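Please look over the model shown here and then read the report on its fold and its charged side-chain pairs.

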Amino acid sequence: MAYPSAAHPSPPRQPSVKVILAAADVSRVVDRIAHQILEKTQGAAGTVLLGIPTRGVPLARRLAARIGAFEDVAIPAGVLDITLYRDDLRRHATRAVGPTQLPAGGIDGRRVVLVDDVLFSGRTVRAALDALSDVGRPASVQLAVLVDRGHRQLPIRADYVGKNIPTALAENVKVTLAETDGVDEVKLYGEATTA
């Protein structure tokens, strides 16, 4: 049996990459979530979409635009910054605090749909719920995500899911959007394998 030597090192290990959603798929998923919101909220009356930075913000704006296109109704979309509510602030580099931008009329007494790109442990959503309680008192709160990859650490469930992707803990789901990254795509990065 031959073993790698200094003269012939093992090839570098490359993570496996699989495209889960291409640009056209992302558009279809956003349209489907928009239809589901319209159906579940009886036309989205009294509904506000709040995107969780970073990629939840353009997703919320896209959903608002698609809902408007389907039903000719204006759905307000805003931004909910959760930086100071995260439970991992001490373990990671300092994050810049972003602006929370509530739509005109605020959120009191309205149905708020939080929008994010990936649902994983549930800790981001917990932080968003804490942040939400400091800016108003909605009548109800729902959650829309582009991807649910499982592995929840908290009892949190999405009301609207674009795609369920069963993953291993060692795998990583990466969402890119045209507004932030130049392209719409969802990739699954697996464990490193020999090239």
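Predicted model: local features only at pLDDT ≥ 70, side-chain atom pairs only at ≥ 80, totals over all residues.

Residues are numbered from 1 along each chain as its sequence is written, and side-chain values use heavy atoms, with hydrogens and water left out.

**Overall fold**

The protein chain holds four helices and eight strands, where helices (H or I, at least four residues) and strands (E, at least two) are DSSP runs numbered from the N terminus. Read from the N terminus on, the elements follow the order β-α-β-α-β-β-α-β-β-β-α-β. Of the 195 residues in the protein chain, 40% are buried; buried means under 20% relative accessible area, exposed means over 50%, and partly exposed lies in between (1.4 Å probe, protein chains only). Among the contacts in the protein chain with a separation of 6 or more, 71% join residues 24 or more positions apart, a contact being heavy atoms within 4.5 Å. The protein chain exposes about 10,600 Å², of which carbon and sulfur atoms supply 52%; accessible areas come from the Shrake-Rupley method with a 1.4 Å probe, and for residues only the protein chains shown count as cover.

**The sheet and the helices across it**

Five strands form an open sheet in the order E3-E2-E4-E5-E6, with parallel pairing; two strands are said to pair if DSSP finds at least two bridges between them. Strand E3 (77–79) and strand E6 (160–164) stand at the edges with a single partner strand each, so one side of each is left without a neighbour in the sheet. From one strand to the next, the twist averages 25 degrees; axes are lines fitted to C-alpha atoms, for helices over the stretch in contact, and angles run from 0 to 180 degrees between N-to-C directions. Within the sheet, strand E4 (residues 111–119) and strand E5 (residues 140–148) pair in the parallel sense over eight bridges, and Val113 stands opposite Gln142 in E5.

Helix H1 lies across strand E2 (47–51), E4, E5 and E6, and runs at about 150 degrees to E6. Helix H2 lies across E2, E3, E4 and E5, and runs at about 125 degrees to E4.

**Salt bridges**

A salt bridge is here a side-chain nitrogen of Lys or Arg within 4 Å of a carboxyl oxygen of Asp or Glu, and by this rule the count comes to ten.

| Salt bridge | N to O distance |
|---|---|
| Arg66 and Asp31 | 2.7 Å |
| Arg126 and Asp130 | 2.4 Å |
| Lys187 and Glu185 | 3.5 Å |

Arg66 lies in helix H2 (residues 56–71) and Asp31 in helix H1 (residues 23–40), so this pair ties together parts that are 35 residues apart in sequence. Arg66 is partly exposed, with a relative accessible area of 31%, and Asp31 is partly exposed at 22%. Arg126 and Asp130, by contrast, both lie in helix H3 (residues 123–133), four residues apart, about one turn of the helix; Arg126 is partly exposed at 23%, and Asp130 is partly exposed at 33%. In the remaining tabulated pair, Lys187 is partly exposed at 24% and Glu185 is partly exposed at 21%. Arg62, Glu179 and Asp184 are linked in a network of salt bridges.
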